[in-house]
Amino acid sequence: MFASAEIAGEATTSFPILTMLVLMPLLGAVLVSLLSKKHGEWVKLAALVSSIATGAMSVWMLIKFPTGTAGFEFVSKHAWISEWGISWHLGVDGISLFMVVLTGVLFPLVIVGIDPHHDHKSYLAWMLLLEAGVMGSFLSLDLFLFFVFFEIVLVPMYFLIGGWGYEKRVYAATKFFLYTMAGSAFMLVGIVATAFLARRDTGVLTFDLVEIAEKANFAAGTGRWLFAAFMIAFAVKVPLFPLHTWLPDAHTQAPTGGSVILAGVLLKMGTYGMLRFGVYLFPQAAIWAKPVLLTLAVIGILYGAIAATMQKDLKRLVAYSSVAHLGFIVLGTFALTTQAITGGVMQMVNHGVSTGALFLLVGMIYERRHTRQISELGGIQAVAPIFAGFFMVVMLSSIGLPGLNGFVGEFLVLIGSFATARWWVVVATVGVILAALYLLWAYQRVFHGEPNEDNKSFPEITLREGLLLSVFVAAIVFAGVYPKPMLDRIEPSVKALIEHVEASK
Amino acid sequence: MMSRVMAATSTFDGPAIQWFKISPILALLGGALLLILVGSLTPQWRRGWYATASVITAVTGAVLTGVLWNQMGDDKPSTLVGGALAFDRFALFATFTICVSVAHVSLVINDYLTREGEDGPEVYGLMLAAAIGGVVMVSANDLLVLFLGLETLSLSFYLLTASSRSRTKSGEAGLKYFILGGFASAFLLYGVALLFGASGTTNLQSMAAVFAGEVTVSANNGLLLAGIALLLVGFAFKVSLVPFHVWTPDVYQGAPTPVTALMGSVGKVAAFSALIRVSMIALPSRIDDWRPAILVLALLTLVIGSVLAVVQTDVKRMLAYSSISHAGFILVGLEAASHIGHTDAHLGISSAMGYLFIYSILVIGTFAVVSVVAGQGDNATTLDAFKGLGKKRPELALGMTVLLLAQAGVPLTSGFVAKFGIIRAAVSVESYALAVAAMLAAVIAAFLYLRIMVSMWLSDPTDDASVSISKSAGLAITLAVATTLVIGILPGLLLEISRTISF
């Protein structure tokens, strides 16, 4: 099928691990959809095996990943649509490494830990297809291939929200699909234009990211237009103020598993794209657009925080807190210093872990009480202390308490941005305080006080839920106390990116 | 007196005819005659035999076209029958598309006719006649020959539209189509006449030669400009470009569903190919006169087609408007091709033809599903009829979902390959604004496909009407879905073929 042309990277294996990371969940999805509905256990087993195998491969890749190198590892490159200069080009570096691992680990957890209410088979098939799409997005080093994965993700997510979500699920799913697709419309034109305009410098028509980024030299004005075309798509995905309005709806209406994935990895496709396809491809334009993007990021931080403070629905509160947190990541990205971007990448992972866990907890509350209204909850700590304990740790990580993972990323972002974006940082710091305000206040209203009649029977955490949450808490504490192994792997790639940006000046 | 006429006839020197090179037309003609003559003289054939004859005819046509394509090798394109027909890869590709579409639609018609108890040779005969008209149109090298092909195609379509004996709507749609179509043909013929007046010829190459210099025909020659305008109006009606689209939803809705599929595939391929050929071969020197018109038509068609599609409640009407929006996309390809002199202008033609091929398969597959769901009487085509299809018939709903996602242009389906090709062509000649507009129109149109999917998957059935899928309809849908996915994942072969398309 593919003309083979393996390219030697630093760490290559005879085993095409990255290709398998994409294909394994895809195979699982196909298998699940082929199995009969009558054999529910087989369906679940197939989904479990393929997602756990993917997770195991991603962890294995993490172990094999060398520290201190900046380039792409485990590269696999095969001709795909040679007519159009498109290849199946996958690779992983410090920037994408932890997103791939997070994707690999988060999906089996969600599949094991959260049961959909009906129609397991389709749910699992969509989940696995989603995993394949997300994996592909983080691994693609070809503009066309990236677009394919970036766009294909919409379909399973659409059906997950629409099929298994809450009351206004169809509205939310459609809004999510159309918003993202509208963003991608610009990016597709941008991608084609980039390839055609780069042809002058690359010699042949190619959609290869590395080829274009290293060789192409766009005129300042052209680069800005192309950069803008990409940025619109990513800004919708992140989401960046004012393109964020799809997010609260999608998050609130999505089933718990969908929310966890959406917050955990899907939104990061936007921030990751900004680094990989924004800053790396168009460094000059990124420098030029810095003030605008920083301002939007800071508005997002404040707006998300203020909106979160005023929510009556606990899930919507967490959704708005995502807007604020993602603002920090964008702030770090476009401060364009090694420290800030490293912090941003770190924060992508942290936010995935802590907000993913928050959505899990909110989902558990909904399971028990069939409401997400903060006013109807209260006093839960008295009846379910362990549950409250888990919520507390996760919430504190989201606030950015030192010793937990949220602090490391946020601190690096703020300190790294201070040199190049002082006044934005000053304003953004207010967001940190607001985060403490809305989360602690929410915690107080939900968990403190005397439980009313309905909340008195709030069941304590089950063993399965406890084990599931323990994985998240372990990650939160480990990354907070000992972030060095992560930073060691992220930093070299970020440094190389900054050098690339400096060289373009 | 008599002898003098005889003498004149005997000295008439007919053009040399290379019979093999027009064999696709002859194959279709043979099939049509067989079905109509033999079919009407013999008692009712056994179930499915009329359709089999039609499929065999169309496949023979397709195979002959393929053989001719291979034989052509690096030969220069030539003309046949004394310059009346062009013999080139462009014509062969379009002919192939038409033949494949006819074979594909035959399967759907078989299902429909058996269900309605109206099985007979007439519909197949008319369809093959329409295909002959289509093949003549796509290879016409002379405006009058083009007109002959167009009338053959259109007259067959009018009859096919009105062919349902049980539904009054069908007759109404046929009459409406006939009257408006007659107007459009008149516009086109008037355009041909005026262009003849300006150039003194109807042959495309000779016309191009006359128009090439401004010495013989000045830039603001009234006959020329009015001729181009009328010609465009005629074509715009036939391929349903906004604002000449108003007949489309009514006719698409009223016609028997398989006939709608035929109009969406064969009708579009024939008329679009003819439009592309005439504008690129006969009028390349006057591009500045017609490109702005194409640009405006493309924008209007894309936006208005998509927006109006969204507010419909009948699936056939929705798909009618979506076909309008797709026509806008193809027009973007023609706009790209019109930047002659640009190194990448040829991408416009190959991408437009690739789009037509892919869209034909998609539209036939989609309408095959609609026809199956519409059930006995061909009436259940509202959005409500699709509610709960995912529960009643998950495999059918899944097939429809793939086809709809492809129409929306989601990656890994053929629809994305088609759209990407067009965007690539537009960007390569720096028509960025048009490319962005086309993509945004595609987003609006996506809402329409989502609405159908929501009905199928996320709503409960409103009735317990069972949906039965016959073998032939099932085969048609399976073929469409399989092609959609194969082209979507491995488009190499189609791209390689369409790259070599040239006049």
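In which helix of chain A does Thr355(A) lie? The legends below take up this question and others, and they all describe a predicted model.

**View 1. Thr355(A) and its surroundings in chain A.**
Thr355(A) is found in helix α15 of chain A. With a relative accessibility of 0%, Thr355(A) counts as buried, because that word is used for values under 20%. When residues up to four places away in sequence are left out of the count, Thr355(A) touches Ala263(A), Val318(A) and Ser322(A).

**View 2. Helices α14(A) and α15(A) packed together.**
Helix α14, residues 314-335 of chain A, packs with helix α15, residues 338-369 of chain A, at an angle of about 175°, and their axes are 8 Å apart. Angles over 145 degrees count as roughly antiparallel, and therefore α14(A) and α15(A) are described in that way. Sorted by class, the contact of α14(A) with α15(A) holds 13 nonpolar, 8 polar and 1 charged residues.

**View 3. Helices α11(A) and α15(A) packed together.**
Helix α11, residues 256-266 of chain A, packs with α15(A) at an angle of about 165°, with the two axes 8 Å apart. This angle makes α11(A) roughly antiparallel to α15(A), and the crossing of α11(A) with α15(A) is right-handed.

**View 4. Helices α4(B) and α5(B) packed together.**
In chain B, α4(B) packs with helix α5, residues 121-139, at an angle of about 165°, and the axes of the two helices are 10 Å apart. That makes α4(B) roughly antiparallel to α5(B), and their crossing is right-handed. Among the residues of α4(B) that meet α5(B) are Phe90(B), Ile98(B), Val102(B), Ile109(B) and Leu113(B), and among those that α5(B) brings are Val123(B), Tyr124(B), Met127(B), Leu128(B) and Val135(B). By class, the contact of α4(B) with α5(B) has 15 nonpolar, 5 polar and no charged residues.

**View 5. Phe96(B) in helix α4 of chain B.**
Phe96(B) is placed in helix α4, which covers residues 89-116 of chain B. Apart from its neighbours within four places in sequence, Phe96(B) is in contact with Ala62(B), Thr65(B) and Phe357(B). Thr313(B), by comparison, is 217 residues from Phe96(B) in sequence and 35 Å from it in space, C-alpha to C-alpha.

**View 6. The contact between chain A and chain B.**
How many residues does the contact take from chain A and from chain B? Chain A gives 32 residues and chain B gives 36 residues. The area buried between chain A and chain B is about 3,200 Å², and carbon and sulfur atoms give 85% of this area. On the chain A side, Glu83(A), Trp84(A) and Val189(A) lose the most area to chain B, and together they account for 20% of what that side buries.

**View 7. Cis peptide bonds in chain A and chain B.**
In chain A a cis peptide bond joins Val238(A) and Pro239(A), with omega about -10°, and Pro239(A) lies in the loop between α9 (220-237) and α10 (246-253). In chain B a cis peptide bond joins Val242(B) and Pro243(B), with omega about 5°, and Pro243(B) lies in the loop between α9 (222-238) and α10 (247-254).

His370(A), a residue other than glycine, has a positive phi near 55°. His370(A) sits in the loop between α15 and α16 (380-383) of chain A, and at 57% relative accessibility His370(A) counts as exposed. Glu430(B) also has a positive phi, near 65°, and belongs to the loop between α17 (414-428) and α18 (432-458) of chain B. At 52% relative accessibility, Glu430(B) counts as exposed.

Notes:
Residues are numbered from 1 along each chain as its sequence is written. Chains are lettered from A and ligands numbered from 1 in the order in which they are written. This is a predicted model: local features need pLDDT of at least 70, side-chain atom pairs count only at pLDDT 80 or more; totals for chains, interfaces and linings use all residues. Side-chain values use heavy atoms; hydrogens and water are left out. Helices (H or I, at least four residues) and strands (E, at least two) are DSSP runs, numbered from the N terminus. Contact means heavy atoms within 4.5 Å. Axes are lines fitted to C-alpha atoms, for helices over the stretch in contact, and angles run from 0 to 180 degrees between N-to-C directions. Angles under 35 degrees count as roughly parallel, over 145 as roughly antiparallel, 65 to 115 as roughly perpendicular and the rest as oblique. A crossing is left-handed if the near helix is turned anticlockwise from the far one by less than a right angle, and right-handed if clockwise. Ala, Val, Leu, Ile, Met, Phe, Trp, Tyr, Cys and Pro count as nonpolar, Asp, Glu, Lys and Arg as charged, and the others, Gly among them, as polar. Buried area is the accessible area (1.4 Å probe) that two parts lose on being put together, summed over both. Buried means under 20% relative accessible area, exposed over 50%, partly exposed in between (1.4 Å probe, protein chains only).
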